[in-house]
Amino acid sequence: MKIISCISQKTDTEIAIKECIMNLKEEFTEPSILLCYLTEEYDEKIVLSLLKEYFPTSKIHGCSSCQGIMTNDGFASNKAIAVWGLIDLKNGRYGTSISQYEDNDNVALLTIQLLESAISDSGREGELPSLILLHATSGHEEIIISTIDDFFGTAVPLIGGTAADNHNKGNWCIFTQEDIVNTGISISIFYPSCKVSYSFHSGYAPFDISGFVTKTNKRILYEIDNLPIIDVYKEWTQMSELINKEQNLLEHMAQYPLGRIAGYMDNVPYFKLAHPAKITHDGGIECFADINVGDEIYMMYGEKDQIISRPQRVINSAIGYQPENFIPIGGVNIFCAGSMMHIKSSMLKVYDSVTSAMHDAPFICPFTFGEQGRFTGGENAHGNLMVSTVLFHY
């Protein structure tokens with residue numbers, strides 16, 4: 001089993017994807033599954049067409065990324081396209097599925113149909129997969145994850161990232177070998193012939209400030225403790241001047257997310273985060289995660305140094321469960337776009353630490369508008385400003 005990755009920043013879509021393809025073709029073996037991440041400047045139709053032309057039997061799963069991509073070859077800022085290939089010549093099997101959805105669709109039912117389709121595509125019906133990769137567009141990630149857990153009757157390890165664009169304008173996409181959609185769900189099922197380990201962390205610490213949600217509408221938060229959310233958030237962050245000026249909070253509030261307790265490890269809570277994205281016209285704050293009335297919300301804080309070192313800690317956490325003879329094959333890292341923008345000038349430090357933690361094994365890392373993973377306590381969850389990692393190893 002082998003994992004390889006390649007990346008290009010060539011301006012022309014066809015030239016860029018062909019540069020990646022030629023690197024993959026050097027292996028002389030068609031990958032079992034290809035992951036492809038690209039920024040919004042590239043034409044995903046050309047990318048998918050060429051991947052299918054050169055790798056007609058490979059499963060393909062792709063998603064758009066925000067302002068860059070990182071692989072073991074480096075951090076490519078701004079325009080970039082990257083491909084990750086897993087070659088599994090033993091008894092590993094893989095399957096994908098994708099569907100567009102409308103606002104009135106039954107997302108749970110659609111998720112079940114996609115799981116059944118991906119399992120059928122893998123040819124391993126009746127077996128529990130080792131890993132699920134989820135890429136969806138923003139809005140229903142919590143329902144999708146809950147449905148996945150219910151479908152298998154247990155928390156199968158999950159990794160995923162919500163499709164992103166450069167400036168939260170809706171210029172995102174997801175795709176498999178079957179289709180490309182701008183609003184939908186895509187799933188891959190992994191039955192690899194190796195071991196899989198995982199980790200999912202926020203890396204943020206709670207302030208000694210919290211309150212209870214008293215009014216929401218889907219992902220828009222209006223009140224905490226019956227007080228207007230904007231007033232509460234200004235008081236909690238002490239960022240009143242900036243919040244008054246900025247309607248788009250995406251790039252400026254990565255340091256101050258809202259946290260909810262996801263579970264406990266040795267009586268110490270760990271959190272899933274919600275990233276304030278923008279101020280709405282009716283005085284709410286829209287986030288990239290669901291927040292419900294009655295939830296206790298904590299003010300969270302992330303020092304830049306903590307955010308920089310976080311990916312390495314997440315990888316080390318996954319590796320920490322392995323014996324000393326751990327041999328990495330490669331991995332997938334999902335990194336929040338908001339965190340990346342917050343520390344963009346320090347991303348070379350992040351790259352160095354990730355490469356070291358990965359023991360120089362190949363990896364790929366998009367920057368997403370929501371992250372999915374499995375906490376140490378066993379829960380699959382969706383959050384913001386998170387890091388999720390999956391390692392393939394012997």
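Serine 122 is buried, with a relative accessible area of 0%, where buried means under 20% relative accessible area, exposed over 50% and partly exposed in between (1.4 Å probe, protein chains only). The model is a predicted one, in which local features need pLDDT of at least 70 and side-chain atom pairs count only at pLDDT 80 or more, whereas totals for chains, interfaces and linings use all residues. Residues are numbered from 1 along each chain as its sequence is written, and side-chain values use heavy atoms, with hydrogens and water left out.

Serine 122 belongs to helix α3 (residues 107-122); helices (H or I, at least four residues) and strands (E, at least two) are DSSP runs, numbered from the N terminus. Its side chain reaches the backbone oxygen of isoleucine 119 at 2.6 Å. Leaving aside neighbours within four places in sequence, serine 122 is in contact (heavy atoms within 4.5 Å) with Arg93, Tyr94, Gly95 and Tyr191. Threonine 96, which is 26 residues from serine 122 in sequence, lies 7.6 Å away from C-alpha to C-alpha.

An open sheet is formed by six strands in the order β1-β6-β2-β3-β10-β11, with mixed pairing, two strands being taken to pair if DSSP finds at least two bridges between them. The edges are β1 (2-8) and β11 (180-181), each of which pairs on one side only. Seven bridges connect β1 with strand β6 (residues 81-87) in the antiparallel sense, and within this pairing isoleucine 4 has glycine 85 of β6 as its bridge partner. Helix α2 (residues 44-54) packs on the sheet and touches β2 (33-38), β3 (59-64), β6, β10 (174-176) and β11, its direction making about 160° with that of β2; axes are lines fitted to C-alpha atoms, for helices over the stretch in contact, and angles run from 0 to 180 degrees between N-to-C directions.

Strand β22 (residues 328-336) is largely enclosed by the rest of the structure, because eight of its nine residues are buried. β22 runs antiparallel to strand β26 (residues 387-393), to which seven bridges join it, and phenylalanine 335 stands opposite valine 387 in β26. With strand β23 (residues 363-368), β22 runs parallel and is joined by four bridges; here cysteine 336 stands opposite threonine 368. Leucine 385 lies in the loop between β25 (380-383) and β26, has a phi near 55°, a positive value in a residue other than glycine, and counts as buried at 0% relative accessibility. A positive phi, near 70°, is also found at asparagine 78, which is placed in the loop between β5 (74-77) and β6 and is partly exposed, with a relative accessible area of 45%.

Arginine 260, in strand β17 (residues 258-265), is buried yet has no salt bridge, the nearest side chain of opposite charge being that of aspartate 295 at 4.5 Å. For this assignment, Lys and Arg count as positive and Asp and Glu as negative, while His and the chain ends are not counted; a salt bridge is a side-chain nitrogen of Lys or Arg within 4 Å of a carboxyl oxygen of Asp or Glu. A polar atom of the arginine 260 side chain lies 2.6 Å from the backbone oxygen of aspartate 290. Beyond four places in sequence, the residues touched by arginine 260 include Tyr270, Phe271, Asp290, Asp295 and Ile297. Ile297 is also among the residues touched by isoleucine 224, which lies in strand β15 (residues 220-224) and is buried, with a relative accessible area of 1%.

By the salt-bridge rule the count comes to nine. Within helix α1, lysine 18 and glutamate 14 are four residues apart, about one turn of the helix, and form a salt bridge whose closest N and O atoms are 2.9 Å apart. In the salt bridge between glutamate 286 and lysine 278, the closest N and O atoms are 3.8 Å apart. Finally, Glu141, Glu142, Arg219 and Asp290 are linked in a network of salt bridges.

Note on methods: Polar contact = N/O pair within 3.5 Å; in protein donor to acceptor, adjacent residues only side chain to side chain.
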